Amino acid sequence: MTVFLLRRLFQASGVVLVMTVLVFLGVFAVGDPVEILISPEADQAERERAIQALGLDLPLWQQYLVFLGKALQGDLGRSFVFNEPALTLIFQRMPATLELAFGATFLALIIGVPLGLYAGLKPNAMPARAIMAGSILGFSLPTFWVGLMLIMVFAVQLGWLPSTGRGETVTILGMRWSFLTWDGLLHMAMPMFSLSLSRIGLAIRLTRSGVRENMVMDYVKFARAKGLSPQRVVFVHVFRNILIPVVTVMGLELGSTIAFSVVTESVFAWPGMGKLIIDSINVLDRPVIVAYLMMIVLMFITINLLVDLSYSVLDPRVRLESRE
Amino acid sequence: MAVGAPITSLDPHYHQLSPNNAVADMIFDALVNRSPRDQGIPGLATSWRAVDSTTWEFKLREGVRFHNGNAFTADDVAFTLARVPRVPNSPSSFALYTRPITAVEIVDAHTIRFKTATPYPLLPTDLANLRIIDKETAENATTEDFNAGRAAQGTGPWRVVEHRNGDRIEFAANAQYWGGAPAFARVTYRMITNDAARTAALLAGDVDFIDQVPTADLARLRREQRVVLSETVGLRIIFLGLDHSRAGATPFITDNDGKPIEPNPLRDVRVRRALSLGIDRAAIADRVMEGAATPSGQFLPAGSFGHVPDLAAPRVNADEARRLLTEAGFPNGFRITLHSPNDRYINDARIAQAIGQMWTRIGLRTSVEAQTWATFVGRAARTELSAWLIGWGSSGGEASNPLRNLVASISREKGWGASNRGHYSNPRVDALVDRAMVELDNPRRETLLREATQMAMDDVGIIPLHIQTNIWAMRRGLQHEARADELTRAQDVRPAR
Amino acid sequence: MSGATATVKVETPLRRFIAGFCESKVAIGALVVFLIILAAALLAPWIAPQNPYDLAELDIMDGRMEPGTVGGAGFTYWLGTDDQGRDMLSGILYGLRISLAVGAGSAFLAGLLGASLGLLAAYAGGKTDTLLMRLVDLQLSFPAILSALMILAALGKGVLNVVIALIIVEWAYYARTVRGSALVERRRDYIEAAQGLGLPTHRILFRHLLPNCLPPLIVIGTIQVARAIALEATLSFLGLGVPITEPSLGLLIANGYEYMLSGKYWISFYPGIALLITIVSINLVGDQLRDVLNPRLQK
């Protein structure tokens with residue numbers, strides 16, 4: 001187990017290393033940060049000074065080595081735009097994104113799994129068909145369009161919910177959280193829902209197909225023959241088995257939910273790190289882009305690890321040692 | 001109130017960027033403030049004059065206090081000027097405006113003199129960019145101290161209460177403000193960068209005031225009973241840049257079979273004139289901009305310093321354009337690609353497409369390529385393009401600014417032509433600008449600037465399209481003094497009478 | 001599971017598959033709708049009243065006209081026009097071509113690449129597996145939008161570039177999913193039996209392992225076609241994606257989005273409906289395919 005974790009950690013650092021190189025090359029390919037940041041009125045001398053101040057006068061490989069040296073000491077550089085450490089900026093914005101992504105995933109599971117279970121058990125009933133049609137709509141609608149529709153209806157026409165922003169927050173552990181205040185929850189409702197829409201569809205489909213596959217399997221027939229109650233068969237035996245794909249995919253999706261909140265955050269003016277990264281890409285604020293991506297990679301590796309671990313708990317047939 | 005552009009720092013000397021300057025204007029004052037039409041008016045200085053050809057003297061306002069109670073004196077001015085070039089990591093420094101000053105002389109607590117190497121008529125204009133900070137507070141302050149609000153102690157009408165990076169800034173009124181206390185006790189300045197979301201927030205009543213009203217929503221907002229608009233002609237010209245740099249083939253113009261054309265057709269003034277005459281500026285202003293633009297044939301709107309009164313926007317004339325192209329040797333036209341950003345100026349990519357339609361009608365097979373600003377600006381800066389759409393906001397509201405930056409020959413020593421992406425060069429224009437830059441007599445200077453503008457426009461160094469109208473929207477019951485320089489400041493809003 | 005073998009009638013797998021598919025009327029309906037859409041997209045140059053990609057045929061004076069208005073060119077804009085004076089009906093027909101090509105092309109190619117690599121990883125194990133899975137981790141750790149954005153920024157706009165970006169973004173999902181189920185399948189008796197029989201590797205991989213990994217692959221696949229189309233729309237929304245002069249459905253929606261608040265609903269609404277019908281019909285067909293193809297569900 002320890003060996004397995006260490007190996008994963010080692011591989012993770014490899015992934016991070018490759019990624020930082022890619023980001024450096026990527027930003028270099030996209031454009032020149034100084035041209036974007038500099039005041040148009042600046043003359044040539046001022047432009048040269050800015051290039052030097054941001055350390056962009058060195059050849060790319062030297063810039064990378066400088067970055068790497070500092071990164072090893074825990075310094076991921078200062079934002080070109082904000083002149084604050086990139087990590088500080090990201091940590092300031094992270095809670096907003098995390099609560100949105102977890103909220104959306106949570107919403108997807110509590111809505112999607114029961115609906116999927118129903119649709120799987122009674123595949124031919126009318127409500128089940130309606131659920132499936134709905135699930136298709138769920139991931140068919142472009143997030144940004146849903147977002148605007150929600151704002152149009154609930155904020156502009158009906159006036160029930162605030163259109164944008166984060167509302168009141170509570171500070172816990174030095175971070176600001178919205179989900180603990182009523183006002184914050186109201187602000188969260190629409191972005192969370194629009195972000196979770198496609199996840200709900202996914203959860204429904206995964207659960208349903210899992211149920212349908214498992215219901216015809218021998219162990220279910222056997223359990224029934226043994227005289228177990230249908231509830232017990234479904235909720236103990238089948239449920240355990242369908243959770244594997246659901247956990248895998250929803251786990252994988254959590255990361256992409258965090259990444260995808262980029263769009264939701266910009267539609268709802270939600271001040272999370274997704275919005276930070278879009279703004280940073282627009283101005284090629286490389287330190288922030290690199291730091292953000294490193295955070296995301298680390299998060300993903302953790303998620304993957306947890307998914308793999310839960311795999312081995314849920315399905316004893318898959319052993320962690322099988323990777324060696 | 002909600003704004004469309006993110007404020008990145010409360011340090012008034014960190015990043016020369018309009019949204020940051022707007023917030024800096026709320027917290028701080030400069031020696032010279034700017035009127036809504038961007039003319040210099042007394043700020044922390046009550047009067048100024050040129051003592052001799054290289055010395056300016058400024059009389060400072062007395063009895064002004066910073067938010068923390070410290071008195072404002074000439075020491076603070078000297079300190080500010082010394083700090084400006086030393087702000088670390090600045091991606092776009094204000095040192096530009098301190099560089100002409102060779103020496104600062106404090107005459108008494110409320111009189112200060114600046115020496116320049118050569119006669120420099122633009123000094124008061126430049127000083128309007130430098131917001132004065134408190135020496136005692138900011139002695140060792142970093143940009144982070146400003147962002148956290150600790151060091152952001154100015155003399156301006158608003159005090160910073162809280163700054164949540166990228167989300168909002170909370171302000172409280174400075175009741176002791178020398179220009180009179182603001183109309184509201186508290187103001188929340190929110191950043192909603194998505195256009196539709198910003199309009200929606202206003203309609204939903206979440207905010208009372210928004211800037212950068214999208215042109216798509218203008219028609220609806222004008223009908224809306226709950227909302228009033230405030231608007232003014234801005235100082236931002238949208239124009240087409242052309243590649244003058246290459247004698248040989250330019251990369252995005254080919255003949256109709258896709259072969260390069262030598263020499264570069266854009267070096268022929270007849271081709272440039274044809275391109276300009278092929279554009280129906282009135283249709284763009286009316287249909288694409290929905291009225292939020294004024295067609296223009298020069299850099300600045302009427303009423304600005306250096307505006308040429310009888311230089312009207314060219315009217316579309318497709319026949320004349322075709323005749324000019326034939327005369328230049330292109331009876332069957334050619335293929336051209338027009339590049340444009342798609343996230344920078346109001347409707348930028350839409351304007352480019354409309355021009356594509358119009359050029360196609362004068363026989364040029366036009367394709368339009370729109371890119372994000374991040375990609376576009378680098379390509380434009382390296383002059384990789386042949387024709388491109390771009391904009392220019394003339395700060396200070398006078399013609400020397402666009403002349404020096406956009407059409408003057410590129411010169412590192414003079415610091416000119418830094419945004420002359422097409423490498424246009426006309427020695428006669430340069431000579432006129434040269435003379436204007438050391439002319440302290442305003443009427444004579446304006447004549448020189450007018451001549452230079454007329455010359456650059458006759459030669460079609462750039463193709464001006466229109467000047468944007470700046471539009472704000474607010475709930476009924478408020479009124480706003482619209483500003484030409486696009487800055488959104490809370491002190492310009494007050495309850496309607 | 002015994003039903004199929006018990007029949008006396010000679011049954012080819014194809015015929016069984018068709019019979020299975022036809023069990024659902026909804027699926028047949030969806031297939032018909034999809035085929036109509038496909039035909040409309042393919043025939044767009046002949047049935048559209050205007051070539052919306054030719055700037056010479058557009059006129060901004062005809063911009064933002066309401067549905068049913070007769071324009072300067074003499075024909076009626078049944079679905080209105082957008083800000084450039086583009087006939088929305090023509091725009092949708094041409095846009096369908098691009099959206100379908102981008103969605104189906106990228107999902108298919110990504111599936112091919114991802115599934116092959118996933119199978120290989122599960123079957124080969126060891127170093128190959130580790131290497132491939134780290135690659136998957138690397139890919140998945142780049143948020144889809146972000147990598148697509150980087151790739152497009154480096155490659156430039158264009159339909160082909162969008163497809164390439166989507167493939168690079170999506171293959172990892174297939175690889176991981178296929179590997180996950182192949183890992184379970186691999187330990188089953190029938191694979192060991194096949195190995196025992198000395199069958200060649202590629203035969204075991206594609207004839208035995210792959211069909212058993214197919215159900216999750218099809219679920220992911222159908223979702224990914226929809227996702228690819230939506231992702232392309234999102235990229236266009238963010239200002240990347242296909243060129244503005246050749247809008248896909250996604251870009252048409254994104255363009256019209258700005259006009260929603262001002263009541264000019266048609267610019268965004270009709271392409272949105274077209275997009276929805278397309279995706280829903282693809283998914284309904286995919287759904288039924290999955291049920292039919294899944295060996296474990298056969299009665």
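Entry 1, domains of chain B. I looked up the domain contact and found ten residues of domain 1 of chain B in contact with eight residues of domain 2 of chain B, where contact requires C-beta atoms, placed from the backbone, to lie within 7 Å.

I am reading a predicted model, in which local features need pLDDT of at least 70 and side-chain atom pairs count only at pLDDT 80 or more, while totals for chains, interfaces and linings use all residues. Residues are numbered from 1 along each chain as its sequence is written, and chains are lettered from A and ligands numbered from 1 in the order in which they are written.

I found 52 residues of chain A in contact with 44 residues of chain B. The largest share of the side of chain A that touches chain B comes from helix 3 of chain A, with seven residues; helices (H or I, at least four residues) and strands (E, at least two) are DSSP runs, numbered from the N terminus. That side of chain A divides into 28 nonpolar, eleven polar and 13 charged residues. Turning to the other pair, I found 41 residues of chain C in contact with 42 residues of chain A, and helix 10 of chain C gives the most to the side of chain C that touches chain A, with ten residues. The residues on that side of chain C are 27 nonpolar, eight polar and six charged.

The largest nonpolar core has 322 residues, and C:Ala148 and C:Leu166 have the most contacts inside it. Such a core is a set of buried Ala, Val, Leu, Ile, Met, Phe, Trp, Tyr and Cys residues joined through C-beta atoms within 7 Å, and a residue is buried if 20 or more other C-beta atoms lie within 10 Å of its own. Helix 5 of chain C gives the most to this core, with 17 residues. Leaving out residues up to four places away in sequence, I listed the partners of C:Ala148 as C:Ala165, C:Leu166, C:Val169, C:Leu231 and C:Leu235.

Which bond joins B:Glu262 and B:Pro263? I read a cis peptide bond, with omega about -10°, and B:Pro263 is found in the loop between strand 13 (253–254) and helix 9 (269–277) of chain B. I also noted that B:Asp38, a residue other than glycine, has a positive phi near 70°; B:Asp38 is in the loop between strand 2 (32–34) and strand 3 (40–42) of chain B and is buried, with 23 other C-beta atoms within 10 Å. For B:Val460, phi is near 50°, again positive in a residue other than glycine, and B:Val460 is buried, with 22 other C-beta atoms within 10 Å.

Technical notes:
Contact = placed C-beta atoms within 7 Å. Nonpolar A, V, L, I, M, F, W, Y, C, P; charged D, E, K, R; others polar. Buried ≥ 20, exposed ≤ 12 C-beta atoms within 10 Å, placed from the backbone.
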